[in-house]
Amino acid sequence: MRKHLVQTDCFRHKEELIRVGLQVVSVVTLLILVGIFLFLFINAFDVFSTLSLKEFLLGREWNPIAYGQPLWGILGLLKGTFMVTFGGLLLALPIGLSTALYLSFVASRKVREIIKPVIELIASIPSVVLGLLGIVFLSPFIAQIFGLPSGLNALSASIVVAIMILPTIISISEDVLSSLPSTFMEASLALGATKWQTIKMVLFPAARSGILAAIMLALGRAVGETMAVLMVAGNARAFPSSFFDPVRPMTATIAIEIKEVVQGSFHYHALFAIGLVLFLLTFLINLIGDLIISKQVKKYRW
Amino acid sequence: MVTKQVQQSIIFFLFSLASWFSVALLLFIVAFVFSKGVPVISWTFLTSFWSHLDITSGGIIQALLGTVYLGIGVIVFSLPIGVLTAIYLQEYAKDSLFTRIISLTVRNLAGVPSIVYGMFGLAFFVLLLNFGTSLLAASCTLSIMTIPWIITSTQEALKAVPFSFREGSYALGATKWQTIRRNVLPHATSGILTGSIIGVSRALGETAPIIMVGATFFMDYLPHSVFDKFMALPYHLFILATQHADPLAQTYAMGVAVVLILFIFVLNLGSFYVRYRIRSMKKW
């Protein structure tokens, strides 16, 4: 009897040990997130002790290697990022939403089983391959259509980014749309509405916030996209004014310059400051998307 | 009423066009890359060392093996941490503030841009821990990028195991850990593996982070230790496409692209297949 008790006790200790062990491991993720923020912040700190936030964020010119008077304004880079991001979103949104609606409400099971893996495969194409296609096929094509000397510009980069975020928009919107209770559709059809009227007036409005979340998450991806943009956007330092101008988004600037700078120099720290801006921006976008999704899920959990 | 029906057909037709557009897009991308890249590929291209001066005579074995080594490194670091965290979140954690913070962290980590992971890797693994620009630093950097994906797919796999499996085991007097290890994990293994394979294959396609933490365009030997630099397919492709003077460089970049796409598609399709087989075998 006593032996038995000891054994149970031993089991209980072991169980407790395993639980605590697993809990400790799961803290690693939190440490990573906090670590990323801290390391970016520490490395960027030097910059903000010299430059004012206004000079950094609103300065129109980024020219770290100028003799005498290097310039550290990232407004042009920010504008490049926004142009490519919103251009990509504008192109991907109509196609992505139509596809999500089609897959959730119209397509037969067989069609769905063809298209869904295809979309997963598009998501798995490395961005560097899309960048290569952008250089070899897309930008000469754009240059020819619009009669430009070079097709490496914000428009080409937007198209490549659109391809990259299409799978995100489709799969998240489709999840949201499919999670709507089937009673919505049934009730509306029973009242004599057509399927399209039901989608337009009942289902789409009900899923609106979830779709907004899908857009936010796609936006986060587009802002952080590096390789395709680096290869296709043209990377001129001049302040961009139209979609036919070459742009230099924040991600591309970091990727180009970080291999060439002296570690510990002001330039090095300035690149970390751009990284910090990028991190905070995507963090905020994802957080908002996440909040919207959890609200949506709670609303229709029945 | 007829007009409404007509309107509906037109709109649904447009929707279907949009959906098939994705299929056309994938086919076009794959066809374009393959038509340009396949002629370059030969046994020599796949198995011999890269020749720096005459790119037509050499191969990409260092880059191919470099990517394989990197894949092994990523699995070694990210799989245990990812799976254990998912087990904790799915099986042990109660709905507390701690749990909610960890879940939120996981979702947010998945959205951090890859280049930011690269900067963190540079500042932490390369400089602070003094790994140098190396295979080890790159494996660690890509691992922390992969962990959130592995956590999410492992949680899904654990969720899919019916609750009655756990209750049955408890009823026989098993402890929680015994239940998880003997009665839950075996049934979730396929889901965990497929999710992890997809996560790792995505990490291996990344270029931006490894630029900073250890990839190099050319070395005439294979890495001897984890502290050596390495060549990798995506970085090789990037340099060939943008910074190589040889007029044939872009064609050879297409050849590398074919190998990279096949590498990743085979991993992905393999995991689709495993998932499909396992699903049709399950009886519950």
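Two residues are in contact here when their C-beta atoms, placed from the backbone, lie within 7 Å. The model is predicted, so local features need pLDDT of at least 70, side-chain atom pairs count only at pLDDT 80 or more, and totals for chains, interfaces and linings use all residues. Residues are numbered from 1 along each chain as its sequence is written, and chains are lettered from A in the order in which they are written.

**View 1. Where chain B meets chain A**. Here 67 residues of chain A are in contact with 69 residues of chain B. On the chain B side, helix α1 (residues 2–37) gives the most, with 19 residues; helices are DSSP runs of H or I, at least four residues, numbered from the N terminus. That side of chain B holds 47 nonpolar, 18 polar and four charged residues. Ala, Val, Leu, Ile, Met, Phe, Trp, Tyr, Cys and Pro count as nonpolar, Asp, Glu, Lys and Arg as charged, and the others, Gly among them, as polar.

**View 2. The two domains of chain A**. Domain 1 covers 2–50 and domain 2 covers 71–299, with bounds from an automatic or database domain assignment. Their centres, taken over C-alpha atoms, are 34 Å apart. Each domain brings eight residues to the contact.

**View 3. Ala257(B) in the largest nonpolar core**. Such a core is a set of buried Ala, Val, Leu, Ile, Met, Phe, Trp, Tyr and Cys residues joined through C-beta atoms within 7 Å; buried means 20 or more other C-beta atoms within 10 Å of a residue's own. Among its 173 residues, Leu237(B) and Ala257(B) touch the most other members. Beyond neighbours within four places in sequence, Ala257(B) is in contact with Val129(A), Leu132(A), Val33(B), Gly37(B) and Leu237(B).

Technical notes:
Helices (H or I, at least four residues) and strands (E, at least two) are DSSP runs, numbered from the N terminus. A residue is buried if 20 or more other C-beta atoms lie within 10 Å of its own, exposed if 12 or fewer, and partly exposed in between; C-beta atoms are placed from the backbone.
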